[in-house]
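This report goes through a single protein model by topic. The sequence and structure come first.

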Amino acid sequence: MFKAWPIETVETEFRRLKMLQYLAGIPGYEAAASVMRLHCGRIGVPTNADQAVAAIAWLDEMELVTTRDYQGEPIARLTNKGREVATGATSMPGVIRPDP
């Protein structure tokens with residue numbers, strides 16, 4: 001029997017994917033949490049500051065990004081593993097797979 005995902009779970013996993021894809025598409029593969037929050041909002045994934053920071057922390061824990069702090073704000077940099085997840089070359093539980 002099919003079990004539906006809670007919308008919060010889908011939104012969280014989609015947000016993580018979109019953050020990885022954003023990083024994969026920008027020069028330097030690096031961005032601040034506030035920039036990624038604005039990007040998510042622009043593409044229709046409502047994201048507040050706490051959600052952006054939590055997503056970056058989770059991505060760092062999974063080694064999909066590395067982080068550093070700049071004036072109290074996390075800066076995320078995409079790893080090779082993160083690029084593979086962003087493109088769909090590999091999958092990671094907790095990140096929704098991109099469309100083919």
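## Basis

The model is predicted, so local features need pLDDT of at least 70 and side-chain atom pairs count only at pLDDT 80 or more, while totals for chains, interfaces and linings use all residues. Residues are numbered from 1 along each chain as its sequence is written, and side-chain values use heavy atoms, with hydrogens and water left out.

Helices (H or I, at least four residues) and strands (E, at least two) are DSSP runs numbered from the N terminus.

## Hairpin

Strand 2 (residues 65-70) and strand 3 (residues 73-78) run antiparallel and are joined by 6 bridges; two strands pair if DSSP finds at least two bridges between them. Valine 65 has leucine 78 in strand 3 as its bridge partner. The hairpin has 2 residues between the strands, and glutamine 71 takes a positive phi near 50° there.

## Nonpolar core

A nonpolar core is a set of buried Ala, Val, Leu, Ile, Met, Phe, Trp, Tyr and Cys residues joined through side-chain atoms within 4.5 Å. Buried means under 20% relative accessible area, exposed over 50%, and partly exposed in between (1.4 Å probe, protein chains only).

The largest such core has 25 residues, and those with the most contacts inside it are Met19, Leu20, Leu23, Met36, Leu59, Leu64 and Val95. Two or more residues each come from helix 1 (7-24), helix 2 (33-42), helix 3 (49-61), strand 3 and helix 4 (80-87). Leucine 59 touches Arg16, Met19, Leu20, Leu64 and Val65, not counting residues up to four places away in sequence; contact means heavy atoms within 4.5 Å.

## Arginines

Arginine 15 lies in helix 1 and counts as buried because its relative accessibility is 2%. Leaving out residues up to four places away in sequence, arginine 15 touches Cys40, Val45, Pro46, Thr47, Gln51 and Ala55.

The charged end of arginine 16 sits over the ring of tryptophan 58, 3.8 Å from its centre. Arginine 83 lies over the face of tyrosine 29, at 4.8 Å from the ring centre. The criterion is NZ of Lys or CZ of Arg within 6 Å of the ring centre and within 35 degrees of the ring normal.

## Positive phi in loops

Tyrosine 29 is in the loop between helix 1 and strand 1 (30-32). Its phi is near 55°, a positive value in a residue other than glycine, and at 32% relative accessibility tyrosine 29 counts as partly exposed.

Glutamate 63, in the loop between helix 3 and strand 2, also is not a glycine and has a positive phi of about 65°. Glutamate 63 is exposed, with a relative accessible area of 52%.
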